[in-house]
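Welcome! Take a look at it first, and then read on.

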Amino acid sequence: AFGMLIVLLVGARVTSTGSAEGCGTDWPLCHGSWLPQNTYESITEYSHRIVTGAEGILVAATSIMAWSLRKNYREVVVLVPIMAGTLIIQSLMGAAAVMWPQTPEVMATHFGISLLCLGSAALLATVLKEDREEDQEISLAPAGANSRHLSQFKWLALSGAGLAILVAY
């Protein structure tokens, strides 16, 4: 969750300083090299790529561990795919933004998806820190009241996703 916040802040710095083209149109390279040029824009853009790559590894590890250790928690079943999926989508959108010109609406969507990834990572961190008894765990196919609670949770997650994108615009 903290790593996603750093990704979001570094990405906002790239945008606010106009450093988005600091590495030219090369991706994942920077002006054809694995190291950035000695310019502010190049270092700023490249730092965003490094932070995002490191966070991608952390998200993958967190997803695998959360799924293997807590897959019977209903929140994990929803949050892990959202967190991992939004990280992949925003990474692809970021790479596309480097290689081809993008509209402000596409870049706002990229930012909104980053917010979704941050939110799902923070919620997942909260769920994983909970100390639950074995009998409080919910199976993947809940019934009755648990099914209604899972439905409400999915509705809240989707509503939060829509609101994050709306806020980004």
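Cys 30 counts as buried because its relative accessibility is 1%, and the cut-off for buried is under 20%. Cys 30 is joined to Cys 23 by a disulfide. Please keep in mind as you read that this is a predicted model.

**The cysteines**

- In the link between Cys 23 and Cys 30, the two sulfur atoms lie 2.1 Å apart.
- The angle about the S-S bond of Cys 23 and Cys 30 is -80 degrees, making the link left-handed.
- The count of disulfides comes to 1.
- Cys 23 has a relative accessibility of 0%, so this residue counts as buried.
- Cys 117 also comes out at 0% relative accessibility and therefore counts as buried.

**The overall fold**

- You will find 5 helices and 0 strands in the chain.
- The chain has 169 residues, and 36% of them count as buried.
- Among contacts in the chain with a separation of 6 or more, 65% are between residues 24 or more positions apart.
- The chain has an accessible surface of about 9,900 Å², and carbon and sulfur atoms account for 67% of that area.

**A look at His 110**

- His 110 sits in helix H4, which covers residues 104-129.
- Is His 110 buried or exposed? His 110 counts as buried, because its relative accessibility is 14% and the limit for buried is under 20%.
- The side chain of His 110 comes to 3.2 Å from the backbone oxygen of Gln 90.
- Setting aside neighbours within four places in sequence, His 110 is in contact with Gln 90, Met 93 and Gly 94.

- Across the chain, the mean pLDDT is 80, with 84% of the residues at 70 or more.
- Where in the chain is confidence highest, and where is it lowest? The highest mean, 90, belongs to helix H2 (residues 40-70), while the lowest, 66, belongs to helix H5 (residues 145-168).
- Residues 137-143 have a pLDDT below 50, and this stretch has 11 contacts in the model beyond near neighbours in sequence.
- Where pLDDT is low, the predicted coordinates should not be read in detail.

Key
Residues are numbered from 1 along each chain as its sequence is written. Side-chain values use heavy atoms; hydrogens and water are left out. Helices (H or I, at least four residues) and strands (E, at least two) are DSSP runs, numbered from the N terminus. Buried means under 20% relative accessible area, exposed over 50%, partly exposed in between (1.4 Å probe, protein chains only). A polar contact is a pair of N or O atoms within 3.5 Å; within protein, one must be able to donate a hydrogen and the other to accept it, and residues adjacent in sequence count only if both atoms are side-chain atoms. Contact means heavy atoms within 4.5 Å. pLDDT is the predictor's confidence in each residue, from 0 to 100. A disulfide is a pair of cysteine sulfur atoms within 2.5 Å. Accessible areas come from the Shrake-Rupley method with a 1.4 Å probe; for residues, only the protein chains shown count as cover.
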